[in-house]
Amino acid sequence: MRSSNRSALLTTTLLVAAVLAAAVMPAAAASGHYEFTDDAYTAEQGEVVSITLSGASDANNTSAALAGENNTVPLRIGGEDVNFAVNATVVDEDRDGNVTLELNTSTAGQANASSYLTAGNDSVNATQTTEALPATLDAGDYSLALGPANNSTDTATLSLQAAETTTEPTETTETTTESTDTETTTTAGETTETTTTNASASATTETTGTSDTGIPGFSAVLAVVALLAAAFLAVRR
């Protein structure tokens with residue numbers, strides 16, 4: 001047999017062996033046949049966002065397709081560049097091909113990952129790899145990835161929007177000061193009239209008086225002098 005024919009036969013044999021090996025590969029090696037049901041998830045700071053995974057959608061018998069460890073898939077959220085990174089292992093416990101994760105953004109990053117990332121009837125084992133945050137997650141985009149770190153099987157994005165703040169209008173207190181007009185009328189020697197007027201009431205004060213420029217008792221003295229003069233004249237007559 002020619003050497004060229006032997007090489008061709010050897011190559012063919014290796015290809016057939018590779019195809020057969022792939023066909024009989026254990027189901028566990030196919031772990032991670034899950035995908036995100038959406039390419040993007042949106043939530044507001046402080047809200048709980050639902051992230052749904054779907055697996056073995058092309059299998060007639062989901063339970064059989066998810067036999068062994070095929071119901072387990074690695075999950076990564078965020079990264080070092082956004083100061084929030086979580087590595088998790090999600091397990092489809094009931095093997096129905098669907099897992100809904102709940103991420104509480106009001107406490108995410110501030111406590112143990114298992115307290116803010118849950119999976120309802122299924123399970124998730126999560127670990128936060130970045131330092132604890134002092135407050136809620138910053139608004140922005142956070143990456144989501146399924147599968148091994150160096151070979152993601154599906155990706156999506158979590159867009160966290162800034163929480164709306166409502167500022168109530170400040171009440172304005174207006175103070176009005178009413179002017180007061182004062183009018184004074186004086187009649188020479190006798191009457192002094194003062195009138196005060198404002199927006200709420202009017203008050204009039206009138207003072208009447210008589211002023212004499214004579215010395216008190218002067219009239220009585222004149223009368224006595226007149227009587228004495230008359231008596232003096234009468235005596236002389």
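Student: Which residue stands opposite Asn 104 in E6?

Tutor: First, a word on the source: this is a predicted model, where local features need pLDDT of at least 70, side-chain atom pairs count only at pLDDT 80 or more, and totals for chains, interfaces and linings use all residues. Residues are numbered from 1 along each chain as its sequence is written, and side-chain values use heavy atoms, leaving out hydrogens and water. Opposite Asn 104 in E6 stands Val 48.

Student: Which residues make up the covered face of E6?

Tutor: In a regular strand the side chains alternate between the two faces of the sheet. In E6 (residues 98–104), the uncovered face holds Asn 98, Thr 100, Glu 102 and Asn 104. The covered face is Val 99, Leu 101 and Leu 103.

Student: In E7, what is the bridge partner of Leu 103?

Tutor: E6 also runs antiparallel to strand E7 (residues 117–118), and two bridges join them. Within E7, Leu 103 is partnered by Leu 117.

Student: Which strands stand at the edges of the six-stranded open sheet?

Tutor: The order is E2-E10-E9-E4-E5-E8, with mixed pairing. An edge strand has a single partner strand, so one side is left without a neighbour in the sheet. The two edge strands are E2 (40–44) and E8 (123–128).

Student: By how many degrees are neighbouring strands of this sheet turned against each other on average?

Tutor: The axes are lines fitted to C-alpha atoms, and angles run from 0 to 180 degrees between N-to-C directions. For this sheet, direction is ignored, and the average is 20°.

Student: Which residue in the turn between E4 and E5 has a positive phi?

Tutor: E4 and E5 pair in the antiparallel sense over eight bridges. They form a hairpin with four residues between them. The residue with a positive phi, of about 60°, is Asn 83.

Student: Is Val 82 buried or partly exposed?

Tutor: Val 82 lies in the loop between E4 (72–79) and E5 (84–91). Buried means under 20% relative accessible area and exposed over 50%, with partly exposed in between (1.4 Å probe, protein chains only). At 26%, Val 82 therefore counts as partly exposed.

Student: What separation do the C-alpha atoms of Val 82 and Asp 141 have?

Tutor: These two are 59 residues apart along the chain. Not counting residues up to four places away in sequence, Val 82 touches Asp 141 and Tyr 142, with contact meaning heavy atoms within 4.5 Å. The C-alpha separation of Val 82 and Asp 141 is 8.5 Å.

Student: Which side chain of opposite charge is nearest to Asp 154?

Tutor: Asp 154 is found in strand E10, and it is buried yet has no salt bridge. A salt bridge is a side-chain nitrogen of Lys or Arg within 4 Å of a carboxyl oxygen of Asp or Glu. At 10 Å away, the nearest side chain of opposite charge is Arg 76.

Student: Which residue's backbone nitrogen does the side chain of Asp 154 reach?

Tutor: Leaving aside neighbours within four places in sequence, Asp 154 is in contact with several residues, including Tyr 34, Glu 35 and Leu 144. At 2.7 Å, the side chain of Asp 154 reaches the backbone nitrogen of Phe 36.

Note on methods:
Pairing = 2+ DSSP bridges. Lys, Arg positive; Asp, Glu negative; His and termini not counted. Polar contact = N/O pair within 3.5 Å; in protein donor to acceptor, adjacent residues only side chain to side chain.
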